[in-house]
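The sequence and the model come first, and the description follows.

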Amino acid sequence: MKKTQETPRKKDNTKQAVLHMAFEPINGMIIKNRFVRSATWEGMAKDDGTCTKRLIDLMGKLAKGGVGYLLSQFLSPAFNKRQDQYGGSIENRVNILIEILSNIRARVGNNYPVLLKMNSRDFLEGGLELDDSLKAGVILKNAGIDAIELSGGTIASGKEGPVRTGIVSGKNEAYFKDAAFAFKEKIDLPIMLVGGIRSFSLAQQLVNDNITDYISMSRPFIREPDLIKRRKAGNHNQAACLSDSKCFIPAMNGKGIYCVVEKKKSRKK
Ligand SMILES: Cc1cc2nc3c(=O)[nH]c(=O)nc-3n(C[C@H](O)[C@H](O)[C@H](O)COP(=O)(O)O)c2cc1C
Ligand code: SF4
């Protein structure tokens, strides 16, 4: 008899993440302290570096859900279905961040900068939208955050994820710039814009036009660790990064992060 082929069951990562978020109790002593320890030098010193590992452990657990990181999931109504003081309204969804911030602040004091990377929008049905992220930004500012690095999207957001491919200068660079503009208009707080910024002139324009205070880049530095030096020396050519995100491949295989394109080039030489 011909063996019938079973259709492989499609893993529903979003559903899994929702389950985590909805039912796992918030154990302040574990979840919150892990974030606090990981973010403070005190934790670093005490644990001799192992706190970094703990953060990775925590994220590893969450990555099972396959979508974004824990604190982003708290902010997102697509994942956060909790009915306690950490779910529901944006005021509740931002609660855990405020508690973590206040614990970090208690350790590092008022003169130490505490920064947060957060989503402006999830680009997901039922996910975090700009009006709520702006409200969260106001609450965070009032709670004493020093700056926000503004990103967006999740792994489940398809082409509208946080690490987009095919960036073309003058076309789709700085893909969260509209959100940055909205944040700068509403909240008196330094903003660091991340996501697809490749050309020097655009970076300069974004700062000059008060759309962002700082420029944040990731893949361009993986390809060109000396990018700042090059630009300081007067070479303002666009970042060489192709935005193909191939640097994720070694990272996902536990081989560290490096530019795959650059490595291939150097092998050919
Ligand atoms: C290999 C790799 C690893 C990343 N790891 C993280 C991470 O752990 N946490 C995070 O918030 N963003 C992470 N990002 C996203 C970047 O910080 C950044 O938001 C994104 O790549 C968009 O900026 P870019 O266009 O300048 O690369 C990672 C990006 C890459 C390419
Ligand atoms: S592999 Fe290299 S060129 Fe491709 S996105 Fe990563 S850093 Fe850029």
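Which residues does I148 touch, not counting residues up to four places away in sequence? In this predicted model, I148 is in contact with L116, M118, G137, L140, F183, L189 and I191.

**Overall fold**

The chain has 269 residues, and buried residues make up 30% of them. Its secondary structure consists of 14 helices and four strands. Among the contacts with a separation of 6 or more, 62% are between residues 24 or more positions apart.

The four strands form an open sheet with parallel pairing, in the order 1-2-3-4. Strand 1 (115-119) and strand 4 (214-215) are the edge strands, each pairing on one side only. Between strand 2 and strand 3 the parallel pairing runs over three bridges. L150 stands opposite L193, a residue of strand 3.

In soluble globular proteins, nonpolar side chains tend to be buried together. Here the largest nonpolar core has 29 residues, and the members that touch the most others are I148, L150, F176, A180 and L193. Two or more residues come from each of helix 5 (70-75), helix 7 (95-108), helix 8, strand 2, helix 9, strand 3 and helix 10. Helix 7 gives the most to this core, with five residues.

**Helix 9**

Helix 9 covers residues 177-186, and its buried residues are K177, A179, A180 and F183. Viewed down the helix axis, these buried residues fall within an arc of 155°, so they line one face of helix 9. They pack against helix 8 (130-142), strand 2 (147-151), strand 3 (191-193) and helix 10 (200-208).

K186 also belongs to helix 9. K186 and K135 are 51 residues apart in sequence, and their C-alpha atoms are 9.4 Å apart in space.

**Positive phi values**

A174 is not a glycine, yet its phi is positive, at about 50°. The residue lies in the loop between strand 2 and helix 9, and A174 is buried, with 22 other C-beta atoms within 10 Å. N210, another residue other than glycine, has a positive phi near 60°. N210 is in the loop between helix 10 and strand 4, and is exposed, with 12 other C-beta atoms within 10 Å.

**Ligand surroundings**

The residues around each ligand are listed here by class.

| Ligand | Nonpolar | Polar | Charged |
|---|---|---|---|
| ligand 1 | nine residues | four residues | two residues |

Ligand 1 is surrounded by 15 residues, of which V163, V194, M217, S218 and R219 are the closest. At least two residues of this shell come from helix 11 (219-223), and at least two from helix 13 (248-252).

Ligand 2 has 14 residues around it, with R223, C241, K246, C247 and C259 coming nearest. Helix 11 and helix 14 (260-268) are the elements that give two or more residues to the shell around ligand 2.

Note on methods. Residues are numbered from 1 along each chain as its sequence is written. Chains are lettered from A and ligands numbered from 1 in the order in which they are written. This is a predicted model: local features need pLDDT of at least 70, side-chain atom pairs count only at pLDDT 80 or more; totals for chains, interfaces and linings use all residues. A residue is near a molecule or strand if its C-beta atom, placed from the backbone, lies within 6 Å of it. Ala, Val, Leu, Ile, Met, Phe, Trp, Tyr, Cys and Pro count as nonpolar, Asp, Glu, Lys and Arg as charged, and the others, Gly among them, as polar. A residue is buried if 20 or more other C-beta atoms lie within 10 Å of its own, exposed if 12 or fewer, and partly exposed in between; C-beta atoms are placed from the backbone. The arc is that of the directions from the helix axis to the C-beta atoms. Two residues are in contact if their C-beta atoms, placed from the backbone, lie within 7 Å. A nonpolar core is a set of buried Ala, Val, Leu, Ile, Met, Phe, Trp, Tyr and Cys residues joined through C-beta atoms within 7 Å. Two strands pair if DSSP finds at least two bridges between them.
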